[in-house]
Amino acid sequence: MKKLLLGLAATTALASPSWAEMLDLEKDELTFGFIKLTDMAPLAVAYEQGFFDDEGLFVTLEAQANWKVLLDGVIDGTLDGAHMLAGQPLAATIGFGTEAHIITPFSMDLNGNGITVSNEVWEEMKPNIPTGADGKPMHPISAEALAPVVEKYKSEGKPFNMGMVFPVSTHNYELRYWLAAGGLHPGYYSPENITGQIGADVFLSVTPPPQMPATLEAGTIYGYCVGEPWNQQAVFKGIGVPVITDYELWKNNPEKVFGITAEFAEEYPNTTLAVTKALIRAAMWLDENDNANREEAVEILSRPDYVGADQEVIAASMTGTFEYEKGDKRDVPDFNVFFRYNATYPFYSDAVWYLTQMRRWGQIAEAKPDSWYDEVAKSVYKPEIYLDAARLLVDEGLANEADFPWDSDGYKAPTPAEDIIDGIAYDGKAPNAYLDSLPIGLKGEQIVEGTEVKG
């Protein structure tokens, strides 16, 4: 594993407008972890464009083997922080899996994922999908088109297996959401059975992101949900077809976060601010001037030290398009969003959505009051740190005041029904009412006992 070592070049730093405002850092040598996905881009850009440098930070970026290794590294201090699944800080803080208080002062992106199926499954789905005047499949594609295929496999005694990247990943919840919206049950978790396959029509299991295409090609799984470039890689290799993006599933949904321990933030408050400042600048750079810097970002991410996929594969989604079936390339300008729409602000409502999905599928075994969701969200998501960092950037002339939600109470306006594939609106201030509105999943006081839902 090659490390990227960032030296502090005096000439660059002295030329930076932030040099005079540099914070009194408690720790200036830092190691951050990431997984080889395009949404780690804010870290790579903050490094390559010298934004860490401007804050007086010497940073090492290290690719990690999988999400568990990455989380363990942050908890044991091997890593000072990391590009994380949004569910990881929340799950760790409530003690699902590994227990530790992890916080986030920075959300890394919106959207960026897709659901891909094998060529064989796609051919079996296609008769169930309406086509437009151009003869191409109409999007978004519902999992209702997959249901007859799953039923056929079941009648043949074959389990229908699909991959996701981690039990508390956005990908797990998005794949479950899509399946359930189409009438397919993705299975429950219980304290005694953490496979997540209790009562499942479709059996989901963990596969690390870079291994998804090979696992699909081997026939071990029939489809998967993953971030880029691993959906586009299936298209380029001719082994699979992305059927839906998460932008189509839930418009401008929250994705990864930057995670640190609560202890780190308490012990190194100025360092935490400096890191957040650099990451905000990186996100701004990625989206500025209508994504004018994306081609440069693609070149950076294609390097082996970062994502290590072909530039053409990464560009397929990072530059405003997305290719579904081979030759079916469509404009999706917001497939990857890093700064627009307050993408980097850590909204409590985003945290609450993840917690509702944990409860929906049994990872949170018992009912919780609405106040609990709010309290957990506020213990993990830290918009106050984010806004302090943003204020410094505005004062230094490096950011525009109008680009930040200064007066937010931490909750987004409810997501309207038309922006979500099942037509069910989401209000982060009413998590239990939201759970009750979902046709498949735990509600109220229901619990999973053995293979049954009771209550």
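# Labels and the values behind them

Guide: Helix α15 is followed by Gly 320, whose phi is positive, near 100°. This is a predicted model: local features need pLDDT of at least 70, side-chain atom pairs count only at pLDDT 80 or more, and totals for chains, interfaces and linings use all residues. Residues are numbered from 1 along each chain as its sequence is written, and side-chain values use heavy atoms, with hydrogens and water left out.

Visitor: What makes a stretch a helix or a strand? How many of each does the chain have?

Guide: Helices are DSSP runs of H or I with at least four residues, and strands are runs of E with at least two, numbered from the N terminus. The chain has 19 helices and 17 strands.

Visitor: Why is Glu 312 called exposed?

Guide: Exposed means over 50% relative accessible area, buried means under 20%, and partly exposed lies in between (1.4 Å probe, protein chains only). Glu 312 has 57%, so it is exposed. Its place is in helix α15, residues 311-318.

Visitor: What makes α15 mostly covered, then?

Guide: Six of its eight residues are buried. They are Val 313, Ile 314, Ala 315, Ala 316, Ser 317 and Met 318.

Visitor: Which elements cover the buried residues of α15?

Guide: Contact means heavy atoms within 4.5 Å. The cover includes helices α10 (230-237), α13 (269-291) and α14 (294-302), along with strands β13 (321-323) and β15 (336-337).

Visitor: How do you know that strand β7 is largely enclosed?

Guide: Six of the six residues of β7 (residues 113-118) are buried, so the rest of the structure largely encloses the strand. In a regular strand, side chains alternate between the two faces of the sheet. Both faces of β7 are covered. Asn 113, Ile 115 and Val 117 are buried on one side, and Gly 114, Thr 116 and Ser 118 on the other.

Visitor: Which strands pair with β7, and what makes them a pair?

Guide: Two strands pair if DSSP finds at least two bridges between them. β7 has five bridges with strand β10 (residues 223-227), in the antiparallel sense. Asn 113 stands opposite Gly 227 in β10. With strand β11 (residues 240-245), β7 again has five antiparallel bridges. Val 117 stands opposite Val 241 there.

Visitor: Why are Lys 126 and Asn 342 given the label they have?

Guide: Lys 126 has 31% relative accessibility, so it counts as partly exposed. Asn 342 has 27%, so it also counts as partly exposed. Lys 126 is in the loop between α6 (119-125) and α7 (147-155). Asn 342 is in the loop between β15 and α16 (348-360).

Visitor: What makes the backbone at Asn 342 and Asn 289 worth a look?

Guide: Most residues other than glycine have a negative phi, and most peptide bonds are trans. Phi of Asn 342 is near 55°, a positive value. Asn 289 has a positive phi of about 50°. Asn 289 is in helix α13. At 63% relative accessibility, Asn 289 counts as exposed.
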